[in-house]
Amino acid sequence: MLCFKHILFAALIAVFSFGKAMPYCYNSEYRYCNLKPSIQAYFSESSSYSAPHLLLEGTLPPLRHFTLCTWAKAWKVSNHGSFFFSYNLPQLDNELLVGVYKVSSTYNPPYGKPYGGEGYELSIHVYNQQSRVVCRNFVIGQWQHLCYVWTNVLGHNEMYVDGIRCAESLTKIADNYIIQTAGTAVIGQEQDAIGGGFDPKEAWIGEIADLHIWNEPLLPSQIRHMFRCNLCYPRGTVFSWLREPLIAKDVIFSATDVCAVDINEELIVYK
Ligand SMILES: [Ca+2]
């Protein structure tokens with residue numbers, strides 16, 4: 001169901017996407033797509049402060065907007081936050097950071113209903129400003145498709161699990177900000193220093209596959225399309241899984257087929 005906010009968001013995207021190719025995979029664009037099966041990276045639990053991670057050798061370009069999507073299987077999520085993508089500047093922690101929090105039954109979110117039991121929230125930091133939203137269909141121990149969308153137009157942000165938009169974020173972050181280049185990106189750990197400062201309580205414990213970043217806010221329909229694995233999986237424009245050179249530390253790679261998940265066709269938008 002479309003509401004005014006979706007139409008406004010789509011209009012903003014149309015303005016900022018004008019003249020660009022949309023990242024859908026049509027038949028003629030298979031060369032941009034991943035072959036199946038995918039390659040997964042497994043990040044084991046570690047008490048070491050030099051824990052399993054991937055370090056991007058390059059950096060990100062300046063970003064006025066982004067969409068970060070990944071397939072993820074979490075084996076354990078921390079109430080300190082479990083983060084799988086961390087981008088830091090020398091002068092600023094948490095320039096771009098995404099992850100998941102476990103929250104207890106005693107937690108009353110500032111939006112939506114209190115939890116009847118354990119729950120999870122997805123989280124975005126931009127410019128060290130944070131937005132967290134309740135995602136009632138996030139689960140432990142199975143492949144799920146996570147997407148994080150941010151635009152500097154009013155600091156609007158949205159998060160999705162398996163193509164379903166999580167609770168509405170009432171927290172606008174980094175309004176009018178441009179994410180800076182020349183930072184350091186790490187997958188699987190949360191940086192508190194450039195390429196380090198990891199805390200085992202904030203590590204990603206589980207698998208990641210097909211992590212991609214686009215320099216535009218993708219539409220809900222595009223995100224659903226990706227989740228459903230129609231045709232093939234589009235590659236990110238500014239970061240593409242295993243296309244960019246990465247330095248791996250204690251990460252185990254293996255083949256997987258994330259698109260073999262049992263997809264629920266009943267898509268619901270949580271309010
Ligand atoms: Ca940090």
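**View 1. Surroundings of M159 in the nonpolar core of the predicted model.** Beyond the residues up to four places away in sequence, M159 is in contact (C-beta atoms, placed from the backbone, within 7 Å) with L122, I124, V133, C135, C147, Y148 and C166. M159 is also, together with C135, Y148 and C166, one of the residues that touch the most other members of the largest nonpolar core, which has 65 residues. Such a core is a set of buried Ala, Val, Leu, Ile, Met, Phe, Trp, Tyr and Cys residues joined through C-beta atoms within 7 Å. A residue is buried if 20 or more other C-beta atoms lie within 10 Å of its own, exposed if 12 or fewer, and partly exposed in between, with C-beta atoms placed from the backbone. By this criterion, 43% of the 271 residues of the protein are buried. In soluble globular proteins, nonpolar side chains tend to be buried together.

This is a predicted model, in which local features need pLDDT of at least 70 and side-chain atom pairs count only at pLDDT 80 or more, while totals for chains, interfaces and linings use all residues. Residues are numbered from 1 along each chain as its sequence is written.

**View 2. Strand β3 and its two partner strands.** Helices (H or I, at least four residues) and strands (E, at least two) are DSSP runs numbered from the N terminus; the protein has two helices and 14 strands. In β3 (residues 65-76), 10 of the 12 residues are buried. Eight bridges link β3 to β8 (residues 144-151) in antiparallel fashion, and eight bridges link β3 to β12 (residues 205-214), also antiparallel. C69 lies opposite C147 in β8, and its bridge partner in β12 is H212.

**View 3. The open sheet containing β3, with helix α2.** Seven strands follow the order β10-β9-β8-β3-β12-β1-β14 with antiparallel pairing, where two strands pair if DSSP finds at least two bridges between them. Because β10 (164-165) and β14 (252-256) each have a single partner strand, one side of each is left without a neighbour in the sheet. Helix α2 (residues 220-227) packs on this sheet and touches β3, β8, β9 (157-161) and β10. The direction of α2 makes about 155 degrees with that of β8, the axes being lines fitted to C-alpha atoms (for helices over the stretch in contact) and the angles running from 0 to 180 degrees between N-to-C directions. Four bridges connect β1 (residues 38-43) to β12, antiparallel, and F43 has G206 as its bridge partner in β12.

**View 4. The open sheet from β7 to β13.** The order of its seven strands is β7-β6-β5-β4-β11-β2-β13, with antiparallel pairing. At the edges stand β7 (129-134) and β13 (246-249), each pairing on one side only. From one strand to the next, the twist averages 15 degrees. Strand β6 (residues 119-126) is joined to β7 by six bridges, antiparallel, and E121 has V134 as its bridge partner in β7.

**View 5. The buried residue E95.** E95 belongs to strand β5 (residues 92-103) and is buried, with 24 other C-beta atoms within 10 Å. Leaving out residues up to four places away in sequence, E95 touches Y87, N88, L89, Y127, I179, Q180 and G183. The C-alpha atoms of E95 and H125 are 6.9 Å apart, although 30 residues separate the two along the chain.

Conventions:
Contact = placed C-beta atoms within 7 Å.
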